[in-house]
Amino acid sequence: MRYAMAVDTKKCVGCSDCVVACQTENNVPIGYCRDWIVEVTDGTYPQLELEHRSERCNHCENSPCVRCCPTGASHYSDGGTVMVTKNKCIGCGACIASCPYDARYTHPEGYVDKCTFCLHRVKKGQQPACVAVCPTKCMYFGDLDDPNSDVSRVIKKRKYKTLIPEAGTNPQLYFLI
Amino acid sequence: MGKNRRDFIKISALGAAGLVAGTRYLMAQNQIVIPENPKGPWRMPHDLVRTPTYCEVCFWKCAGWTYKNDAGQIQKIIGNDDDPNSNGRFCPRGTGGVGMYYDEDRLQTPRIRVTGDDGKQTFKKATWDEAFDFIQKKLEKVIEEHGPECIALFTHGSGGTYFGNLLKSLGSQNITAPSYAQCRGPREVGFIATFGEGLSSPEPTDIRDSKCMVLIGSHIGENMHNGHVQEMSDAIDKGATIITVDPRFSTAASKSKYWLPIKPSTDLALLMAWIHVLIYEERYDKKYVEQYTFGFEQLKEHVKHMTPEWAYGITTIKPQVIRETAREMSYASPATIVHPGRHVTWYGDDTQRLRAVAILNALLGSWGRRGGFYIPDKAKVPGVPHPPYPKPRRTWRDAMGGKYELADLALANGVCDATIPSATMDCSIKAWIVNGTNLIETLPNRPNTMEAINALDLMVVVDTMPMEITGYADVVLPECTYLERYDSLRVTQHREPTISLRMPAMKPKYDSKPAWWMAKNLAERLGKGEYFPFDSIEEELDYQLKKVGSSLDEMQRIGVKKLPRAYDDLYYKDGEEIEFNTNTGKIELYSTSLEEYGFDPMPKYTAHPEPPAGYYRLIYGRAPMHTFSRTANNPNLTDLMDENTVWVNPKVAKEWGLKNGQEVYLQNQDNVISTFPIKVRVTERIRWDSVYMVHGFGHANKKLSRAFGRGASDSELITNVMMDPIMGGTGMRGNFITFRFNKA
């Protein structure tokens, strides 16, 4: 099993619904976030291009955060998701420094927090909160090992990119372009 | 009456209670929360309890579920899968609606304006009885001295229904929402003049099945009209062609096959040129036009000279692009939507511009066709019987001197004008009830609004938040949020008619109350209790629901109920005989009703003033995470966006030496300077002759702790209003601004 997510940049309007849905689902304190929107403008008026991306932890197969965690709090879990065990985390911030995607933050209670792909929902057969709420249905989540999953199918059909592939982390967040 | 009778009062000055807000209230709230019936029939298989609601953060009113956690706190709000407005997916504002409940700056108790011995005006805390006593006495006096017609209601929210009933029971029809003359009014009138019916809300655009959609200044995706955003995304998936006309590279423009970066204020010329191409290249739907329309030959003659070459000189859009886009519309027709948009009060000739939009749709045969406009249906839900409302002796219209007769709803600005005493009126409006609309930010021409407010004998403001308008009130009534109350049923038009229920997830915080309760109490005090023939709203809702084959109990469990359509078909059948509700019974390309009233029967382009050197046209719009100024203090939504910026083209920035993030003041053509500075966003996404800002920021009430002084208000810079002579809409895009580096 290999959980992954694809985000269709052709459909995303950058509304941040994924951000607030994640906050209310996962009790992320106001002022912090596990996912966020990036907007990139290219060109000169009127030859322009605009890309919206909903970004979060890439749940890398080769995760520098897991490798550098001194206590084993950061670890691989079901479907290759990268998770943090709250009570093992000492808040040293090594993982934050090592993440090329800046996907982690220190929770005001002292531990490091990040996207979990909403495993608590996925285990109940639900979609992650961001995927379930998105008004443009621009996000696809599922098991890459299952050729019939939403994410496998859309990745087969469409052109995609990953972010900072040169970091060698083998990210599992795909952006359809 | 002294000019300063109504000094602005910040709710914060009202007493010590508001000062320690924050954590203290959160704690207090933990103690008083009573988990409501966790074993109720809507208990979910996981740890949360859910209650149905429909959203009040914007007018789309999506239906959903409020989920509570084990501590009895609101955890999240999620869409209801059976709701056609949301399809189970809320937008960021609906999802962040929890912040409306938790906002610690909320209004807490009724307040009455008092003048101290030192002449200083303050708000005094009051009980509901004291507040009602005060309002009752004032209203009785207005009714006795001037008549009940001198009471007006401004409303933008569900609670307004009951205040509307209160006014009607007293004998006043001065009930108005700024969403008409400051927003969609010209569109309704333009479409009524053409098709004999308006669009209402949600607009019955069949985007889901559209093959070509044209957006003119409409920024779907930034305006988060939920169902339309969803369907546009579906249309993108299916490879629909999108054509966006906008001087700004909007989000929608970035998703479009064609972006036409038009010179602002020239849209009507482009529309007429498109009409020209469709007619003279014979690309219109001939059968449809012949069967259903009136005035084709006149139109053909009228647009003869309106060639793409003619329009090029006006719009800066190249002739071949105009032709190519017209052809795209024709290839996809009738599954083409020339989208009517929503906020269309721009240049004062807006009804005519929307007439041109309607005519284009008629030529493409998309009205009543799959992928164009479907035939919506809406449930009929009877109310609890009550005596007929008295007929008012006069309305705001009498103050208009026969102008704007084609307005099909009351004009907020008209009611405002009818409040300012003048020699031509025998009586001006003396009392306002303002429910859920911050007129200070909503109405253009603020000095005019202030003059009206100063002429009032009574202003009652009903709101959840200390918006600017509360500072000018005589009485402030704290409404509880939509998460703490029942309201009238949501009965919306859509492909399938639905009804949906809002019920409280929490007890009202502080001393806040639902609007229905306030209106009913006031009605009883004023001897009109017979118009509110129910003890509680639950009783009224249950009565209504049983009339349509449901019940309050059922709706508490399902939230949304679909009802059967009265008409079988979503679209006209091929060749079906149809009588349109116009003078000729046809779709009027040539409008006989406009002609009757002395207006152009077919749209004509007229040039509008352009910014003088050193000035830029002020264009304003929406951000997906905010609804006007209503959400500007919402803790969850300010976390996503806490201020607006002024978008400036890099060429302009270079000329002025402006840097990204630099703060500037904006000054308009009438020398009005923004109260607060605003940060510059240097971006290629805006034309060099315009600036852009998101509406709803720059709040001046300190009690809005997160919104105060964040960004600038576009509204205060809109002092030039271009009135629509047909229906009284307030065109607001004829204001020009320049930059100032300091205020003095």
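**Two chains and how they meet**

Within chain A, 55% of the contacts with a separation of 6 or more are between residues 24 or more positions apart; a contact here means two C-beta atoms, placed from the backbone, within 7 Å. This is a predicted model, in which local features need pLDDT of at least 70 and side-chain atom pairs count only at pLDDT 80 or more, while totals for chains, interfaces and linings use all residues. Residues are numbered from 1 along each chain as its sequence is written, and chains are lettered from A and ligands numbered from 1 in the order in which they are written.

Chain A has 6 helices and 10 strands, both taken as DSSP runs numbered from the N terminus (helices are H or I with at least four residues, strands are E with at least two). With a radius of gyration of 16 Å, close to the 16 Å that the globule rule gives for 177 residues, chain A is as compact as a globular protein of that length. That radius is taken over C-alpha atoms, and the rule is 2.2 Å times the number of residues to the power 0.38. Along the principal axes, the C-alpha atoms of chain A fill a box of roughly 50 × 40 × 35 Å. Of the 177 residues in chain A, 45% are buried, that is, they have 20 or more other C-beta atoms within 10 Å of their own, against 12 or fewer for exposed residues and a count in between for partly exposed ones, with C-beta atoms placed from the backbone.

Chain B comes to 23 helices and 27 strands. Its radius of gyration is 26 Å, close to the 27 Å from the globule rule for 744 residues, so chain B too is as compact as a globular protein of that length. Its C-alpha atoms take up a box of roughly 70 × 65 × 55 Å along the principal axes. Buried residues are 59% of the 744 in chain B, and 73% of the contacts between residues at least 6 apart in sequence join residues at least 24 apart.

As for confidence, the model scores ipTM 0.96 and pTM 0.93. The average pLDDT of chain B is 92, with 94% of the residues at 70 or above; pLDDT is the predictor's confidence in each residue, from 0 to 100. Residues 13-47 of chain B are below 50, and beyond near neighbours in sequence this stretch has 31 contacts in the model.

Now for the meeting of the chains: 33 residues of chain B are in contact with 29 residues of chain A. On the chain B side, the elements giving two or more residues are strand S3 (74-79), helix H2 (92-95), helix H7 (226-237), helix H8 (251-254) and helix H22 (635-638). H7(B) supplies the largest share, 5 residues. By class, this side of chain B has 14 nonpolar, 12 polar and 7 charged residues; Ala, Val, Leu, Ile, Met, Phe, Trp, Tyr, Cys and Pro count as nonpolar, Asp, Glu, Lys and Arg as charged, and the others, Gly among them, as polar.

Elsewhere in chain B, helix H19 (residues 537-547) has Ile537(B), Glu540(B), Leu541(B), Gln544(B) and Leu545(B) buried. These five cover an arc of only 125° around the axis, so they sit on the same side of H19(B); the arc is that of the directions from the helix axis to the C-beta atoms. The buried residues of H19(B) pack against helix H18 (515-525) and helix H20 (552-558) of chain B.
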